[in-house]
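User: Could you walk me through this one? I'd like to go question by question.

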Amino acid sequence: MSEFDFNQIRRLDGGLLLVFRELMRTRRAGAVAQRLGLSPSAISHALTRLRDLFDDPLFIRRPHGFEPTRRAEELGPQVEALIELTGRTLSRDAGFEPLRSTRTFRFAAPEFVTALIGAELIGQLKAAAPGVNFGVGFFGEEDAFRALRRGEIDFAIGRFGAARPGFIVEPLFEDGYCVAARRDHPQLKGAIDGAQWRDIGHIYAWSASEVGGDVGSDVRIKHLASVPQWLTALVMAASTDGLVTCPRRLAERHAARLGLQVLDTPFPPNTISVSVMRRAGANDAGVDWFLGQVREAVGA
């Protein structure tokens, strides 16, 4: 290692890394000062040191707060990894003890995934980790990515493309579409044909975090209503003659409770591939354990 490298390391301390991370998360110096228990002048001094250390402005002041530069965006995952490694190094026990933990896990997921796994996940945690809880946000892909990059969530579930630099994408489950209708629907008795699917009338679910757009985009169908969530659409179908073309796992999970019949689509259903996106190198025994609980809830 060169003298230059040694000098750079001497100038870097954990406090600077924490200021950098919190500025990435909150974009506001006042919020960082309050979170870290520092004065505004200390935050300003730390930012000056960070800019000098990395030879980049890092954060540009805007009317809405500090906007990270491209260099800061590149450094974000590396700083997160350094902080997590430091924490594990200083901890006497780097493992995760579910029965003793009071941790809150935070993740992003589409509503249809949360409606699929939520109840099962609560039941599993009650038995295996009674002090653990979780929070879910319904984000589109870009918003989920930004929240993950800022460290606001532990992982994101959704339909993602190729992995981005500094992040990994792992498959969670695959699904396909079905047609859900109330069990005593006057026109449907366990099957549906193309004409019925086209003409009876659909309750369509759509939001930025959902999987809409896969079916029916090039077919004229009777449209009854649009709602922001699949579970809402299923509840409405249970009390009307409307149809819902939706993820099969979700429909089957709630069919008995809502009084629905789950039918094969009259066309080859598209595959719904759901994945988990995490920060690369962020080894966290707690998140690993919690993701295991999520996978178990999917298959419950």
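Analyst: Helices (H or I, at least four residues) and strands (E, at least two) are DSSP runs, numbered from the N terminus. The model is predicted, so local features need pLDDT of at least 70 and side-chain atom pairs pLDDT 80 or more, while totals for chains, interfaces and linings use all residues. Residues count from 1 along each chain as its sequence is written, and side-chain values use heavy atoms, with hydrogens and water left out.

User: Which residues of helix H10 (residues 248-258) are buried?

Analyst: Their cover includes helix H6 (111-128), strand S6 (167-182), helix H9 (230-237), strand S9 (244-247), strand S10 (260-263) and H11. After H10 comes glycine 259, with a positive phi near 75 degrees. The buried ones in H10 are Leu250, Ala251, Arg253, His254 and Ala255.

User: Are H2 and H4 roughly parallel or roughly perpendicular to each other?

Analyst: Axes here are lines fitted to C-alpha atoms, for helices over the stretch in contact, and angles run from 0 to 180 degrees between N-to-C directions. Under 35 degrees is roughly parallel, over 145 roughly antiparallel, 65 to 115 roughly perpendicular, and the rest oblique. Helix H2 (residues 14-26) packs on helix H4 (residues 40-54) at about 100 degrees, with axes 10 Å apart. H2 and H4 are therefore roughly perpendicular.

User: Which residues in H4 do Leu16, Val19, Phe20 and Leu23 of H2 meet?

Analyst: Contact means heavy atoms within 4.5 Å. By that rule, those H2 residues meet Ile43, Ala46, Leu47, Arg49 and Leu50.

User: How are the rings of phenylalanine 105 and phenylalanine 290 arranged: stacked or tilted?

Analyst: Rings of Phe, Tyr and Trp (its six-membered ring) pair if their centres lie within 6.5 Å; planes under 30 degrees apart are stacked, over 60 edge-to-face, the rest tilted. That gives twelve aromatic pairs. In this one, the centres are 4.5 Å apart and the planes at 15 degrees, so phenylalanine 105 and phenylalanine 290 are stacked.

User: How many residues apart are phenylalanine 134 and phenylalanine 290 in sequence?

Analyst: Their ring centres sit 6.1 Å apart with planes at 50 degrees, so this pair is tilted. At 22% relative accessibility phenylalanine 134 is partly exposed, whereas phenylalanine 290, at 0%, is buried. Phenylalanine 134 lies in strand S4 (residues 133-137) and phenylalanine 290 in helix H11, so the pair ties together parts whose separation in sequence is 156 residues.

Terms used: Buried < 20%, exposed > 50% of the residue type's maximum accessible area, 1.4 Å probe, protein only.
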